Amino acid sequence: AQSVAQPEDQVNVAEGNPLTVKCTYSVSGNPYLFWYVQYPNRGLQFLLKYITGDNLVKGSYGFEAEFNKSQTSFHLKKPSALVSDSALYFCAVRDSSGYSTLTFGKGTMLLVSP
Amino acid sequence: DTGVSQNPRHKITKRGQNVTFRCDPISEHNRLYWYRQTLGQGPEFLTYFQNEAQLEKSRLLSDRFSAERPKGSFSTLEIQRTEQGDSAMYLCASSRDTGTMEAFFGQGTRLTVV
């Protein structure tokens with residue numbers, strides 16, 4: 001069975017500093033990996049995905065994520081955090097068969113202080 | 001707005017009553033997913049459709065839950081004889097017919113069983 005672990009319930013960072021939100025996964029075969037963000041009273045919004053190719057993928061709002069196959073990780077990063085980045089972030093995985101569903105982590109709350 | 005639409009946004013019901021939620025996916029998307037999200041948790045997979053065919057159901061989906069997508073367009077999720085433990089946010093998502101494509105989520109239906 002596939003699974004996602006987000007080891008931090010909350011990440012605190014000062015505005016302007018770099019941020020990292022951690023994600024590790026377990027899946028049979030090659031993974032398809034996704035990051036979503038959820039603002040209060042809003043649905044999940046897609047940020048970025050890794051399917052194949054370059055291990056560093058870039059997404060919306062200046063976010064990027066680095067795929068590391070040996071460490072089975074897909075950490076979300078941003079060079080300079082904004083207060084408006086404060087939200088709940090979810091990592092998700094699907095196996096490359098194309099028929100499996102998305103499995104989500106429990107989420108990490110990112111709080112960016114002014 | 002051509003995003004995923006869910007109705008109603010909020011539903012309060014008495015224990016033992018039946019409820020039905022509706023999801024209208026993005027029109028060209030063949031796949032439709034239902035997830036449930038409780039406070040402090042990531043979305044948990046319930047079921048998914050490819051066109052009108054229900055291809056997978058989670059063990060979370062008890063016999064009281066049923067989902068349909070009769071013409072491969074909108075979908076309904078019905079919960080019979082609701083219990084307090086059914087209180088959650090029910091999320092619908094849709095995607096194109098390939099595992100590499102990200103799913104787009106609606107804003108969800110928040111169910112409160114009293």
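This is a predicted model: local features need pLDDT of at least 70, side-chain atom pairs count only at pLDDT 80 or more; totals for chains, interfaces and linings use all residues.
Residues are numbered from 1 along each chain as its sequence is written, chains are lettered from A in the order in which they are written, and side-chain values use heavy atoms, with hydrogens and water left out.

On the contact side (heavy atoms within 4.5 Å), 20 residues of chain A meet 21 residues of chain B. Between the two chains there are six residue pairs in polar contact, both at pLDDT 80 or more. A polar contact is a pair of N or O atoms within 3.5 Å; within protein, one must be able to donate a hydrogen and the other to accept it, and residues adjacent in sequence count only if both atoms are side-chain atoms.

Which elements give two or more residues to the side of chain A that touches chain B? They are β5, β6 and β10 of chain A, and β5(A) gives the most, with four residues.

| Element of chain A | Residues |
|---|---|
| β5(A) | 31-38 |
| β6(A) | 44-50 |
| β10(A) | 87-95 |

Strands are DSSP runs (E, at least two residues), numbered from the N terminus.

There is also one salt bridge between the chains: Lys49(A) and Glu102(B) meet at 2.8 Å, N to O. The cut-off is a side-chain nitrogen of Lys or Arg within 4 Å of a carboxyl oxygen of Asp or Glu.

Now for chain B itself. An open, antiparallel sheet of four strands runs in the order β1-β3-β8-β7, where two strands pair if DSSP finds at least two bridges between them. Its edge strands are β1 (5-7) and β7 (65-68) of chain B. β7(B) pairs with β8(B) (residues 75-79) over four bridges, and Ala67(B) stands opposite Leu77(B).

Two backbone details stand out, since most residues other than glycine have a negative phi, and most peptide bonds are trans. Asn7(B) and Pro8(B) are joined by a cis peptide bond, with omega about -10 degrees. Asn51(B), in the loop between β5 and β6 of chain B, has a positive phi near 55 degrees.
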